Amino acid sequence: MGMDQLLAALEREAVAEVEEKLERAKAEAAELLTDCQAELAQRLDDQLRDRERELSVQIALEVARAQRAGRSEVLLARDGLLSRVREAVVGRLADLAQDSGYRARLPEDLREAVSFLAEGPAEVVCSFQLAAPLAAALDALGREDLTLREDPGLEPGFVVRARDGHAEVDARLATRLERMWPELSLAVLASMEERGWWVRAELDGDGPGGGGSGGAASGNEGAGGADGRLE
């Protein structure tokens with residue numbers, strides 16, 4: 001083999017080796033690029049999942065806050081309604097003392113109140129509106145140990161007190177309303193539900209005043225029912 005042929009052969013081998021190394025380098029680079037892309041995609045996917053979890057937690061918190069705020073608004077609206085109804089009823093107690101139905105039940109109310117006391121002298125103290133009907137009720141009882149005293153400062157209704165001070169039965173209308181208010185408030189709320197939350201407009205003053213008058217009507221029915229009940 002001549003020198004020229006030897007050099008050509010060496011050159012071909014060198015070129016082949018270079019090309020082989022270049023191909024291996026390209027393959028390694030492509031593999032490395034693929035691995036890097038896969039790792040980057042995995043990292044992006046992990047970051048997206050973490051962000052989604054954070055957003056889900058934030059959304060859940062916001063929904064919970066909104067629900068609490070909504071419940072608070074409903075409770076405030078209900079409290080406002082109940083306060084208006086109660087104020088309306090209290091304002092009508094003096095008129096209720098003049099009601100014929102209430103006065104017709106006074107003998108029964110007095111008999112029930114006296115039954116809670118032990119035998120012995122007692123005093124019936126009443127508001128000025130009820131002096132006459134209660135005097136008639138006392139006569140009907142036929143109890144000589146019971147006396148009647150009018151107290152101009154007493155709220156509508158009456159109070160029966162044992163002379164020795166051992167017991168007292170408070171039958172004033174305001175006291176009866178206080179005792180029955182938990183039950184009456186539930187009835188008012190039930191009525192509100194049946195009316196489809198009309199109370200919102202009434203509490204905001206947008207209605208024709210039906211909230212106040214309607215509340216008074218409901219309250220008077222409850223107060224009337226209290227006339228026959230002593231607790």
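Which residue of strand 3 stands opposite A122? The residue opposite A122 is A162. The legends below give the setting of this pair.

The model is predicted, so local features need pLDDT of at least 70 and side-chain atom pairs count only at pLDDT 80 or more, while totals for chains, interfaces and linings use all residues. Residues are numbered from 1 along each chain as its sequence is written, and side-chain values use heavy atoms, with hydrogens and water left out.

**View 1. The whole chain has 6 helices and 4 strands.** Helices (H or I, at least four residues) and strands (E, at least two) are DSSP runs, numbered from the N terminus. Along the sequence the pattern reads α-α-β-α-β-β-β-α-α-α. Of the 231 residues, 29% count as buried; buried means under 20% relative accessible area, exposed over 50%, and partly exposed in between (1.4 Å probe, protein chains only). The chain exposes about 14600 Å², and carbon and sulfur atoms supply 55% of this area. Accessible areas come from the Shrake-Rupley method with a 1.4 Å probe; for residues, only the protein chains shown count as cover.

**View 2. The 4 strands form an open sheet in the order 2-1-3-4, with mixed pairing.** Strand 2 (146-150) and strand 4 (168-170) stand at the edges with a single partner strand each, so one side of each has no neighbour in the sheet. On average, neighbouring strands of the sheet are turned by 15° against each other, direction ignored. Two strands pair if DSSP finds at least two bridges between them. Strand 1 and strand 3 run antiparallel and are joined by 5 bridges.

**View 3. Strand 3 (residues 158-162) runs antiparallel to strand 4, and 3 bridges join the two.** V160 faces V169 of strand 4 as its opposite residue, and R161 stands opposite E168. The hairpin of these strands has 5 residues between them, and G165 takes a positive phi near 80° there. Strand 3 is largely enclosed by the rest of the structure, because 4 of its 5 residues are buried.

**View 4. Helix 3 (residues 131-141) lies across strand 1 (122-126), strand 2 and strand 3.** Helix 3 runs at about 175° to strand 2. Axes are lines fitted to C-alpha atoms, for helices over the stretch in contact, and angles run from 0 to 180 degrees between N-to-C directions.

**View 5. V114 has its place in helix 2 (residues 100-115).** V114 counts as buried because its relative accessibility is 8%. Leaving aside neighbours within four places in sequence, V114 is in contact (heavy atoms within 4.5 Å) with L141, R143, L146 and V160. V114 and V169 are 55 residues apart in sequence and 7.9 Å apart in space, C-alpha to C-alpha.

**View 6. Helix 4 (residues 173-194) bends by about 60° at W181.** The bend at a residue is the angle between axes fitted to the seven residues ending there and the seven starting there. A proline, P182, follows within four residues. Among the buried residues of helix 4 are L177, M180, W181, L184 and V188.

**View 7. C36 is partly exposed, whereas C126 is buried.** C36 counts as partly exposed because its relative accessibility is 40%. C126 has 0% and therefore counts as buried. The structure holds 0 disulfides, a disulfide being a pair of cysteine sulfur atoms within 2.5 Å.
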